[in-house]
Amino acid sequence: MASVADQLDKVLQKTARVIELCNALQEENDLLKLENQSLKVALDTSKSKHTDLEEKLKVTKIAKSIEGASEKSLDIKQKINDFVREIDKSIALLKK
C-alpha cells in the first residue's frame, strides 16, 4: 500500500491540476464574456440601423404616394383644362 506521503503527493498534484484547469476555464470565460459584450454592441448597432432603414422606407413610401397623387392631380387638372377649352369653343360656336 502507498504511504501517506505518496497519497498526499498525489492529492497535491491533482489539486494543482484542478487549479490549472480552473484558471484555464476562467480565462476562457473572460474571453467569452468579452465576445458576448462585443456581439451585444453589434446587435444593438444592427437594431438601430434596422430602425433607421424602416423609417427611411416609410418616408420613401409616403413620398412616392404623394408623388403619385401629385401626378394624378396634374393629369386631372390637365383634363379639366381641356374640357373647359372645349366648352368655351362650343359656347363660342353657339353664339355665332
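Predicted model: local features only at pLDDT ≥ 70, side-chain atom pairs only at ≥ 80, totals over all residues.
Local features are given where pLDDT is at least 70 and side-chain atom pairs where pLDDT is 80 or more, while totals for chains, interfaces and linings use all residues. Residues are numbered from 1 along each chain as its sequence is written, and side-chain values use heavy atoms, with hydrogens and water left out.

**View A. Salt bridge between arginine 17 and glutamate 20.** A salt bridge is a side-chain nitrogen of Lys or Arg within 4 Å of a carboxyl oxygen of Asp or Glu; the whole structure contains 3. Here the closest N and O atoms are 3.6 Å apart. Both residues belong to helix H1 (residues 4-95), where a spacing of 3 residues separates them by about one helical turn. Helices are DSSP runs of H or I with at least four residues, numbered from the N terminus. Glutamate 20 is partly exposed at 49% relative accessibility, and arginine 17 is partly exposed at 46%. Partly exposed lies between buried (under 20% relative accessible area) and exposed (over 50%), computed with a 1.4 Å probe on protein chains only.

**View B. Salt bridge between glutamate 55 and lysine 58.** The N to O distance in this pair is 4.0 Å. Lysine 58 and glutamate 55 are 3 residues apart in helix H1, so about one helical turn lies between them. Glutamate 55 is partly exposed, at 42% relative accessibility.

**View C. Salt bridge between aspartate 82 and arginine 85.** The closest N and O atoms are 2.9 Å apart. Because aspartate 82 and arginine 85 are 3 residues apart in helix H1, they are separated by about one helical turn. Arginine 85 is partly exposed, with a relative accessible area of 47%; aspartate 82 is also partly exposed, at 31%.

Key:
Helix = DSSP H or I, 4+ residues; strand = E, 2+ residues; numbered from the N terminus.
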